[in-house]
Amino acid sequence: MPARPPAPAAPRAHGAWTRAGTLALWVEAPRRPAGAARPADLAALAAAAPRAVHLAAALARPVTRPLVLELPCTPAGRPAAAGARPRADLRLREVAVPVVELRGDAAVDVLTEVLDAAGPGPAGAVAGDGLRWLAHVARGARAAVDAGSVVPALGEVGGEHLARWVPLPDKRFQRWRTALAELAPAVLRAEARPPRTPVPAAGALVDEVCAAVTDLLVSRRTAHVRPGPHDLGPAPAAWLRALTTGETVPAGAQPRALAHRVRDWHRSADETGYDLVLRVLEPAPGEEAPWRLHARLRPVDEPSLTLTLEQVRAESGGGPGEDPLLVLMARTAQAAAAHPPLKRLLAGAADADVEVGAEDLLDLVEVGGPRLTAAGVALQLPRHWTRRTVGLALHAGAAQPGVVTDPRLRRADLVAFEWRAALGDEPVTEAELRALAASREPLVRFRGEWVQVDREALRRSAEFLRRRGSGRATVLDLLTGLGSARDLPAAVTGVHARGALGEVLAGGAEAHLQELPDPPGLAAVLRPYQRRGVTWLAAMARLGLGAVLADDMGLGKTLQLLALELHERTAGDGPPPGPTLLVCPTSLVGNWAAEAARFTPGLRVHVHHGPGRPAGERLARTAAAHDLVVTTYGLLVRDAADLAAVRWRRLALDEAQHVKNVATRAARAVRAVPAEHRVALTGTPVENRLEDLRAVLDAVNPGLLGSAASFRDTFAVPVEKLGHTAPARRLALVTRPFVLRRTKTDPAVAPDLPERLEMTVRANLTPEQAALYRAVLDRMLARLADADDLGRRGLVLGTLTRLAQVCNHPAHYLGDGSGVLHRGRHRSGKLAVLDDVVATALAEGEKVLCFTRFAEFGHLLAPHLSERTGRRVPFLHGGLTRSRRDAVVAEFAREDGPAVLLLSLRAAGTGLNLTAANHVVHLDRWWNPAVEDQATDRAHRIGQRRAVQVRTLVSAGTLEEKVDEVIARKRELAGSVVGGGGERWITELDDEALHDLLRLGADAVGD
């Protein structure tokens, strides 16, 4: 078998730094003499460098010249080829090579990218030793800039004095400089020079490259900085001006004398000095001796040493220098200035070795620690020093044999419970808590460690264990008390139980339950996470506990509930269950009926809707004859008495955020419906504030989190307003057993869901829009001074709406029936962008969803888009009947259906499956990012096969752009707690802040 030919060698890129301050690059191509290498070969290096924009630009117009380089050559004088075997007879000889010279940005950017470049490879170039060495020098300079370890310098180049930034020349830099210079390759310069000219010192080359890289990087970062008023004298002022402008220092400023002063200042960084270290020493085990505080000096260049005065004197050998006692006194005075109690603690102590009480010590650690750190003073504590807080864990056991482990456990069954305390991770008894609380000092020795404790918290925890440490309660009372109790003396760290209750209380219990098979008759194959969801819902139903299925939009909450219904009706382990009442928004009634017919054809489904719907006894008989009754939140209110008269097996609430306001008639009607089991389906359990979560949980488990007032005091205010983490952890612990949430971002949930690309597109206002915007703003400001608080709020909210209309289109704001275009030109910057997006999508054969929160704007756009696309563009909004909405959705889903669909954000932002589109455009901002996300999920959901592009249109320089920044911050918090309440925060601004928020920016109007 013939031997495989060797892989071709990759081109090798070389570099050198010239006397003119440029980077010379050339390529040693495989099997080609160095003298024949071409600058175009550097394209391989440009392809390998990840951000080589400047290199690519330089190669477009290369500045080339031949340079005489010392390269490895054979005895015959021929340069060694790249990839050739090493030869002992190779010698450095001078060879003329054409190079590409880079200056300034191009040179520095290439050097800072070389070490990140890919290679070798088909398109990559291998960096030679010289180029890699220069790149390491540049990386060191960049590290100094990132650390802020730079100083201004003044040097002479070609007879001119230049001000520039250089790395701080302290001992650390000098050690690095020396080590790097020793590693320099033999060939250091690429500039032509007479034969036998010695190679310059590598250290000088390190200085030159570092200075060039440092000066450019600092200049970039300080481009916006301008010196303020100063009285430095003419010479330093000229130096400062040259730093910011790049000019030379004029001769009149006596630059030579100034350069000497600058060099002396730089040398001061090399002087040996001492830092102050304060060390806390603990009493010996078994002793009552007090704590002690030692003050020691630490050499700046030997941070691992701490020395007494005598040791410092011995180390200095009695030679000239500053008296270490004076150094210690000066450093101690600095520490006392940072933390004033130290002045009293260290008074009169020459070597600062003093006794410290526990109260003073804790003040030093808690209050003084951060201050001393900021002042450069180290505070060293004993190794076994901890601060521990008290935690409580709830343990549930069997009140009688078999109860807790019985899978038929109900929420009314009795269980035994016990509260257990822990100090940090260590369990403690009531007696130990009392003993620790009785200590007179806040620092106590606990199991071999010094522990800082809150004695009052210890006392209250011990009292809580004495009064309420154990007992019996029903499952529901136990869980309700855990969520609503306001008098718990410490944070709840865990809830533990056995059997079915333990699996649910474990949180994320769907991962621990024995997975149910897909029920017979299901015309679909459940995904693994959906099967776990059905298993969890079934377990919650057996326990009689309400459940919130809070999967992301598009992950199949509908299918999971239908599978649960089919499972209970085909299990055959008891009498057939009663009917389920499912309540949903009007726009989703048809969707539920269609999904049930598609996936669970064996379920008997009745849609309770329309003028001929049954009532009274007829409704009861109809419900008993069906498995699933679908109705709307509006009809639940109208038919409350009739629906409440039926004994339902389950009450299911789709888009359960509709009951987040407990004062509404719909929320009250939901609570009046009797049901053995309650389920809420929502993709946004916290839509805008924590009260939303409490309201949804209260709809399925009444009283679980207490009243709205107690919840506000216990959780909402501490978490949302004060930012406390302990109440947030307790709330998560309490709610986790009842809320199952999976997100699309988890690859284990939806691995085949395509990518979602989100972008904010800024559109300039037209002159007409800008004039209307200013007029609306001026009108508000003129009326603002005379408005009372209530009138002011209404005025501001009305103005916000009108400004949003102006940003959409002048005709939207004016309402005068005028045309979308004027003489063929767009009157709205947003509409011009929308036309481009739609045209691009149609050219690719793709479909677009366009969401707006204004119905009148949708009516304005529909005919314009129909004319532009040559096809009818329907508008789905709240004014359509259910049958008409279903027809629009079905028509859009067809391959030959409309290419563009306009939708009202609120009416069509939930429940719909619109995966025929893979472009989503939000025409105007909604105050709640969760609502926009729900709308986007109409296209980005299971069934979507293409990447979804989401564009949010924002008018540049207007209120929309500033609100966009606020919404971005709210979206970051949506995974845990979302503060705020819509646009209300704007109405509470003062007049000046309000004007600053709403006024037009300088870049608002386009050309």
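Three bridges, given as 3 bridges by the strand assignment, join strand β20 (residues 547-549) to strand β25 (residues 675-681), and the two run parallel. Helices (H or I, at least four residues) and strands (E, at least two) are DSSP runs, numbered from the N terminus. Two strands pair if DSSP finds at least two bridges between them. Within this pair, Ala547 stands opposite Val679 in β25.

This is a predicted model, in which local features need pLDDT of at least 70, side-chain atom pairs count only at pLDDT 80 or more, and totals for chains, interfaces and linings use all residues. Residues are numbered from 1 along each chain as its sequence is written, and side-chain values use heavy atoms, with hydrogens and water left out.

Strands β20 and β25 belong to an open sheet of 7 strands. Its order is β22-β23-β21-β24-β25-β20-β26, and the pairing is parallel. β22 (605-607) and β26 (739-740) stand at the edges. Each has a single partner strand, so one side of each is left without a neighbour in the sheet. Strands of a sheet pair through backbone hydrogen bonds, either parallel or antiparallel.

Follow β24 (648-654) out of this sheet. The loop between β24 and α23 (665-672) holds Glu655. This residue is not a glycine, yet Glu655 has a positive phi of about 50°. Most residues other than glycine have a negative phi. Is Glu655 buried or exposed? Glu655 counts as buried, because its relative accessibility is 3%. Buried means under 20% relative accessible area, exposed over 50%, and partly exposed in between (1.4 Å probe, protein chains only).

Now turn to another sheet. This open sheet has 6 strands, in the order β27-β34-β33-β30-β32-β31, with parallel pairing. β27 (756-763) and β31 stand at its edges. Each of these has a single partner strand, so one side of each lacks a neighbour in the sheet. At one end, β27 pairs with strand β34 (residues 948-955) in the parallel sense, over 8 bridges. There, Thr760 stands opposite Thr952 in β34.

Strand β32 (residues 900-904) has two partners to look at. Strand β30 (residues 848-852) pairs with β32 in the parallel sense over 5 bridges. Strand β31 (residues 875-876) also runs parallel to β32, over 2 bridges. Leu903 in β32 stands opposite Phe851. Leu903 is also the bridge partner of Leu876.

How many of the residues of β32 are buried? The strand is mostly covered, with 5 of its 5 residues buried. In a regular strand the side chains alternate between the two faces of the sheet. Both faces of β32 are covered. Val900, Leu902 and Ser904 are buried on one side, and Leu901 and Leu903 on the other.

Helix α32 (residues 882-893) contains Val889. Val889 counts as buried, because its relative accessibility is 17%. Val889 and Leu876 are 13 residues apart in sequence and 8.5 Å apart in space, C-alpha to C-alpha. Leaving aside neighbours within four places in sequence, Val889 is in contact (heavy atoms within 4.5 Å) with Leu876, Leu912, Asn913 and Leu914.

Next comes the nonpolar interior. A nonpolar core is a set of buried Ala, Val, Leu, Ile, Met, Phe, Trp, Tyr and Cys residues joined through side-chain atoms within 4.5 Å. The largest such core has 95 residues. Leu581, Trp592, Trp648 and Leu849 have the most contacts inside it. Helix α17 (residues 528-543) gives the most to this core, with 7 residues. Apart from it lies another core, of 36 residues, among them Leu102, Trp133, Ala138 and Leu216. Beyond its neighbours within four places in sequence, Leu849 touches residues including Phe892, Leu901, Leu903 and Leu914.

Lys847 lies over the face of Phe892, at 5.0 Å from the ring centre. A charge sits over a ring if NZ of Lys or CZ of Arg is within 6 Å of the ring centre and within 35 degrees of the ring normal.

Last, look at Glu960 in helix α35 (residues 959-973). Glu960 is buried, because its relative accessible area is 7%. Which side chain does Glu960 join through a polar contact of 2.8 Å? The partner is Lys830. A polar contact is a pair of N or O atoms within 3.5 Å; within protein, one must be able to donate a hydrogen and the other to accept it, and residues adjacent in sequence count only if both atoms are side-chain atoms. The side chain of Glu960 also reaches the backbone nitrogen of Ser955, at 2.9 Å.
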